[in-house]
Each structure stands twice: as C-alpha cells, then as structure tokens.
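Keep the picture open while you read.

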Amino acid sequence: MSDALLQRLQRARQQLAATPVPPPRRFGRLVRVTGLTLEVVGCPLALGQRCRVYAADGQTLSAEVVGFNRELCYLMPLQPMSGLYPGARVEALPSDEQIRIGHHLLGRVVDGLLQPLDGLPLPEAGDWVPWFQSPPNPLTRQPVTTPLDVGVRAINGLLTPGKGQRLGLFAGSGVGKSMLLGMMTRNTRAQVVIVGLIGERGREVREFIEHALGPEGRQRAIVVAAPADQSPLLRLRAAQLCHRLAEYFREQGLDVLLLMDSLTRYAQAQREIALAVGEPPATRGYPPSVFSMLTQLVERAGNGQHASGSLTAFYTVLAEGDDQQDPVADAARAILDGHVVLTRRLAEQGHYPAIDIGASVSRVMPQVVPAAWLQQATRLRQLWGRYQQVRELLPLGGYQPGADPGMDDAVQRYPQIEHYLQQGLHDAASLEDSANQLARVLA
C-alpha cells in the first residue's frame with residue numbers, strides 16, 4: 001500500500017474521531033388516516049409517546065400515541081392536519097418530556113402545550129419538571145383541616161370549602177358558572193389561581209379573561225385555554241397541564257386554587273379519542289376509560305405530603321338539559337368531596353349566584369368550621385327547605401299561617417335568607433363576614 005493512501009486513511013480516521021457520528025434515527029410510515037386517527041407502522045412506539053409526522057410541504061405535525069393493535073400504532077394529532085400523504089415519515093420523540101414552570105407564568109395565558117396565547121414570549125426561567133407526576137400516597141396526604149376563603153358568601157357560610165378539597169359546580173348552560181368562577185378567582189385568599197378553560201367556545205376565552213377574571217384576578221392567575229375547535233388530545237393535555245401547574249405551586253408551599261371549566265368537556269374529549277381507536281361505548285355512549293380517567297385526573301388535586309401548601313379544586317360539570325343524572329355528573333358527584341348545584345329556576349328569577357342550597361353539600365365542612373357555625377348553617381338550610389315546600393302556594397293563598405310554627409318561621413325569615421344568599425358580581429364576602437351575617441340572619 002502506497003504512503004499516499006496510508007496518509008489519506010490516517011486523515012480519515014482523525015476526522016471520524018473528531019466528528020462524532022450522530023445516533024441512528026428510525027422512522028415509521030403513515031399508512032392510513034381515518035377521521036382524527038393516524039395509523040403508523042414501522043417503528044416501536046409507546047403509549048402516550050409524542051411523535052413528529054413529516055408532511056408533504058416540509059412542515060411537521062405533532063401527534064401522540066393513543067393506542068396500538070399488534071404492529072399498528074394509532075396516533076392522534078395535536079394540531080390541524082394538512083399536507084399528509086401515504087407513506088409520510090413518522091419519527092418518535094424522546095419519552096422523558098419536561099416543561100419549564102415558574103412564577104414567570106403568573107398573569108399569562110397559555111395553551112395545552114404551554115405555548116403563549118397572549119402574544120408575548122415566555123422568558124427562559126423557572127424549573128424543568130416532568131410532564132406527568134403520580135398523585136401522592138393516600139396515607140401520606142395532609143388532611144383537610146383549614147377553611148379556604150373563596151369570597152362568595154353562600155359558599156363560605158353554608159358550603160365552607162377546606163384547603164385541599166375538591167368540589168364540583170353542577171349546572172346546565174347559561175346559569176352563571178363562568179361568572180361564579182371569575183368571582184372566586186378575584187376574591188379568594190389563595191396565593192395562586194390556575195384557571196383551565198377546556199372545550200369552551202373561543203369567544204368565551206377572551207370574555208372570561210377581560211370581564212370575569214379582570215386585571216386584579218389575572219395578576220396571580222395562570223389561564224390554560226383549549227377551545228372546542230382544538231384537537232381532543234390537546235384538550236386533554238390542557239386539563240393535565242392545569243393540574244401539573246397546580247401541583248408545582250403546591251410543592252412550593254403555596255395555597256393553590258384550581259378552577260377547571262369544564263370536567264364534562266374533558267370527558268367528551270376522551271370519549272372522542274376512545275371511540276376513534278375502537279373502544280366500545282358503555283353508558284350513554286361513554287366508553288369505560290372515560291370514568292377511569294376522570295378519577296385519575298381528580299385524584300391529582302388535594303393536599304400533598306408537606307404540611308405547607310394546598311391544592312383546592314373546583315370543577316364545573318355541565319349537566320346536559322339540566323339532568324343531574326347525566327353519567328359524567330353522576331360519576332363526578334361520587335369522586336368529588338362535595339358539589340354546588342346551580343339551578344336555572346333561580347337564575348331566571350335574577351337570584352345570583354343561582355346556588356340551590358338544598359341540593360348542595362360540602363363533605364369536609366364539619367372538619368373545618370366550629371360546631372356552632374355548622375349548626376347555624378344546618379338551621380338555615382332547614383329553613384330554606386321548609387320554605388320551598390310552600391313556595392308555590394303563597395301566591396295562591398293556599399298557605400294559612402298559624403298551623404305550623406316552623407313553617408311560619410321559615411316564611412318570615414325567607415327575605416333575609418334570600419338576601420344572604422345573593423351577592424353582587426363585584427362584591428366580596430370574607431369568611432368572617434359570611435359567618436357574622438349568618439348569625440344575624442338566624443338571631
């Protein structure tokens with residue numbers, strides 16, 4: 001072998017040693033698109049793994065693995081689909097996905113992938129944390145022993161929530177759920193508020209931020225928005241991101257209030273995904289996985305292992321046609337620590353907030369308020385219930401005073417009770433004020 005050839009070989013070895021060889025990349029192939037489901041073969045993919053699909057115009061599409069059948073993997077896109085073609089390359093992304101979270105997110109509006117929606121860039125700050133975190137061991141959770149002030153008199157006084165409790169707001173459409181969430185966001189004593197707008201109309205996102213939330217509420221809040229026109233997978237991601245943000249600030253020792261509107265839209269997004277990959281429907285078209293994922297999501301809220309920090313959650317549940325026996329509403333009622341029911345009858349009467357005290361309950365209230373307070377709340381609920389029995393008879397003259405002293409007391413006190421339960425949209429009522437006014441009503 002000539003000296004010149006040896007020198008060329010030596011230079012080639014030196015170049016290879018100085019330039020590391022990139023790791024091999026394995027691509028799959030897109031073989032079918034059905035609705036929002038992408039079918040891919042040719043590369044190993046794990047359930048929940050993110051992928052990159054290369055379109056014909058050179059753009060890429062983010063997708064996530066939602067199921068598989070032998071060597072066939074089912075993906076669902078996180079973005080609108082365009083430019084896909086048979087045989088398009090599909091590349092798996094690293095499975096150890098992390099996001100950057102910190103106090104710099106307060107006051108911001110982001111989507112389900114933590115991308116800004118308010119037109120401002122996100123600063124390079126905060127801590128890198130894994131996307132998914134398992135809920136704490138139930139035996140190591142801190143108990144719910146301290147009340148949380150949400151600024152709404154009817155809830156503070158009669159349905160007192162505790163730090164770490166999970167409650168549901170049950171109502172049909174158009175009875176004031178979003179406005180009630182805005183009141184709690186502005187008036188709560190929690191240090192951080194996470195607002196999730198999942199599956200709502202795009203028009204309502206800006207209206208909620210500007211009118212219901214307001215400048216003062218937005219300063220300590222993070223809004224995660226995934227409107228109804230986005231992919232169902234992105235709506236699921238947005239709901240999970242809300243809980244991941246809340247978990248992070250809870251671990252920082254802060255009191256966090258999580259408001260998610262709505263849990264029903266989350267269930268409907270999972271229903272779309274499950275039906276698309278072939279899961280059979282069960283209850284009113286909802287596959288079994290929907291109710292399993294509801295439990296997994298809700299269990300991430302609540303107190304953690306540390307004595308400092310709490311995560312209190314309010315989930316709105318849309319009762320379709322005001323049907324409180326809707327499958328999602330029924331499942332949510334079983335897994336939550338209480339429920340606040342808003343009725344259309346009260347809303348039509350101009351009674352705001354339209355809370356039906358008789359149908360609402362807080363399961364942790366006996367643990368967070370004194371016994372005298374609890375007795376007063378029970379007494380007012382009894383008076384409210386007695387009045388509802390004769391409410392329709394009073395205009396007709398069908399009720400005669402004097403026959404039932406308890407009923408007479410309820411009828412006489414009802415104007416004060418009604419005034420106590422109503423509250424202006426921009427008024428705030430602290431826990432102390434709520435308790436004092438409750439005592440005056442029953443004096």
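A surface patch, as the word is used here, is made of residues with over 30% relative accessible area and no salt bridge, and nonpolar side chains are joined into one patch within 5 Å. One thing to keep in mind from the start: this is a predicted model.

## A greasy spot on the outside

With that in hand, look at L5, L6 and L9. Together they form a nonpolar patch on the surface, with about 230 Å² of accessible area.

Take L6 as an example. You'll find L6 in helix α1, which covers residues 3-18. Is it buried or exposed, or something in between? L6 is partly exposed, with a relative accessible area of 41%.

Now for the strands. An open sheet is formed by 8 strands, and their order is β8-β12-β11-β13-β14-β10-β15-β16, with mixed pairing. Which strands stand at the edges? They are β8 (109-110) and β16 (361-362); each has a single partner strand, so one side of each is left without a neighbour in the sheet.

Strands of a sheet pair through backbone hydrogen bonds, either parallel or antiparallel.

## Zooming in on β11

Strand β11 spans residues 192-198, and it is mostly covered: 7 of its 7 residues are buried. In a regular strand the side chains alternate between the two faces of the sheet. You can follow that here: V192, I194, G196 and I198 point one way from β11, while V193, V195 and L197 point the other way. Both sets are buried.

What does β11 pair with? On one hand there is β13 (residues 255-261), which runs parallel to β11 and is joined to it by 6 bridges. V193 has L257 as its bridge partner in β13. Then there is β12 (residues 221-226), also parallel to β11 and linked to it by 6 bridges. Here V193 stands opposite A221. To get from β11 to β12, the chain passes through helix α4 (residues 202-218), and this β-α-β crossover is right-handed.

## One step further along

Move on to β13 and its link with β14 (residues 310-318). These two strands run parallel and are joined by 6 bridges. As one example, D255 stands opposite S310 in β14.

## A stop at R25

Finally, visit R25, in the loop between α1 and β1 (27-34). R25 is exposed, with a relative accessible area of 52%. Leaving out residues up to four places away in sequence, R25 touches Y54 and E91.

How far is R25 from L311? They are 286 residues apart in sequence, and 42 Å apart in space from C-alpha to C-alpha.

Technical notes:
Residues numbered from 1 in each chain as written. Predicted model: local features only at pLDDT ≥ 70, side-chain atom pairs only at ≥ 80, totals over all residues. Heavy atoms only, no water. Patch = residues over 30% accessible without salt bridge, like charges linked within 9 Å, V, L, I, M, F, W, Y side chains within 5 Å. Areas by Shrake-Rupley, 256 points an atom, 1.4 Å probe, with all protein chains shown as cover. Salt bridge = Lys/Arg side-chain N within 4 Å of Asp/Glu carboxyl O. Helix = DSSP H or I, 4+ residues; strand = E, 2+ residues; numbered from the N terminus. Buried < 20%, exposed > 50% of the residue type's maximum accessible area, 1.4 Å probe, protein only. Pairing = 2+ DSSP bridges. Right-handed = clockwise from strand over helix to strand, strands pointing away. Contact = heavy atoms within 4.5 Å.
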